[in-house]
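Hi,

Here is the structure you asked about. Have a look at it first, then read my notes below.

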Amino acid sequence: MNAISTAALSPLPRIDAEGRKNLVGLSREELEAEMLGFGLEKFRARQLWHWIYHRGATDFAVMTTLAKPVRDKLAEAYAVLRPTVVRDLKSTDGTRKWLLRMPDGQEVESVHIPEEDRGTLCVSSQVGCTLTCRFCHTGTQRLVRNLTAAEIVAQVMLARDALGEWPAPPDGRMVSNIVMMGMGEPLFNYENVAKALKIVMDGDGISISKRRITLSTSGVVPMMKRCGEELNVNLAVSLHAVTDELRDIIMPINRKYPLRELIDACRNYPGVNNARRITFEYVMLKGLNDSPADARALVNLLRGIPAKINLIPFNPWPGAPYERSTDRAIQVFGDIVNHAGYASPVRTPRGEDIMAACGQLKSESMKLTAAERARIQEVIAEKDAELTG
Ligand code: SAH
Ligand code: SF4
């Protein structure tokens, strides 16, 4: 952890203002140990788990499989906490964005994107991000801290609250898929992300299968194997450039883990095969990475890796140093990739009216003053120095 990421902040508390311990975010084993320590039988933890993660209960009073005196005793010592919703925005296209405030005042966002046959929740893993990808607004935020497992799971629970999905139907769920594509780099907060995803995948709870969960990374090479082995979720890699020269500039993490190492880690990602491909995200930046030659180089680079390529039109934000590629450039690029045999859907920007698109989370629709612009440059320089230092 570096100076920026250890900002003195406290997360969703393990203990609330009334001195009650939060049960959200404990693993099954931890919950069992907790109940045993509280003088209850082990199977009480199973019952609690079911109420908390299958039924979405936040009040012990409704947990009727437990005797009334047990419920009363639990309510004195424990709580099932949710973050505070400070904003709940709905786009004309159905996309919904929640701005959630943690007790330390830090805010993160989750976005729900409904589609015809499914609904995807985009979940954040950190407040801000220690990395400084040049096209990403999150990278310009000064305060960074990891979210706890409780805060990550709570984003899913909150979406379920809002969409009325307790218990979730087996088919046709509104929250059927999860992408770790919100704010932050999930592989820099691996322990908490892993713990949260295991809770989310648990069959007697939220029960979203690993096949419906995708973790997106900017390329934290040393953590990729472990992520594949332990969680076996789908992997998405933010590639965005096909040469080290350009990737070093737009994604400074490339200076630490260059393309060759990243591509090797993708090739060796556990469980990857033709039925389970790696998604390569490629943000289309005008005049930078969007030429037909880039498209051909991309195809060459990914040769032999079961891959999907997701072309993302750049979402501009105030002060962003780049522009979105033209529709024509995106189409020509996509055609080349397609002819080489890769599915290459262009990600339709969703929720633009509520600033819910990639890399825009928490950005404001305002013009920056010169001082603010200078401040952003300063933050980027500080974070970069830490990355290379
Ligand atoms: N830190 C992880 C997870 C964030 S995912 C990662 O970088 O993979 C968010 C995705 O949106 C990433 O692919 C990111 O590169 C992309 N993105 C960020 N800013 C964007 C912008 N302004 N326009 C389009 N895509 C952007
Ligand atoms: Fe962080 Fe991902 Fe944004 Fe890069 S693209 S700054 S890794 S959130």
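T217 is buried, because its relative accessibility is 1% (buried means under 20% relative accessible area, exposed over 50%, partly exposed in between, with a 1.4 Å probe and protein chains only). The model is predicted, so local features need pLDDT of at least 70 and side-chain atom pairs 80 or more, while totals for chains, interfaces and linings use all residues. Residues are numbered from 1 along each chain as written, chains are lettered from A and ligands numbered from 1 in the order written, and side-chain values use heavy atoms, without hydrogens or water.

T217 sits in strand β10 (residues 213-217). Strands here are DSSP runs of E, at least two residues, numbered from the N terminus. Leaving aside neighbours within four places in sequence, T217 contacts E185, L187, L235, A236, V237 and S238. Contact means heavy atoms within 4.5 Å. T217 and G184 are 33 residues apart in sequence, and their C-alpha atoms are 9.3 Å apart.

Now the sheet. Nine strands form an open, mixed sheet, in the order β3-β4-β5-β6-β9-β10-β11-β12-β13. Its edge strands are β3 (84-90) and β13 (307-313), each pairing on one side only. Two strands pair if DSSP finds at least two bridges between them. Strands β4 (residues 96-101) and β5 (residues 107-114) run antiparallel, joined by six bridges. L99 has E109 in β5 as its bridge partner.

Last, ligand 2. Around it are C129, L131, C133, C136, G139, G184 and S218, each with a heavy atom within 4 Å of it.

Best wishes

Technical notes
Helix = DSSP H or I, 4+ residues; strand = E, 2+ residues; numbered from the N terminus.
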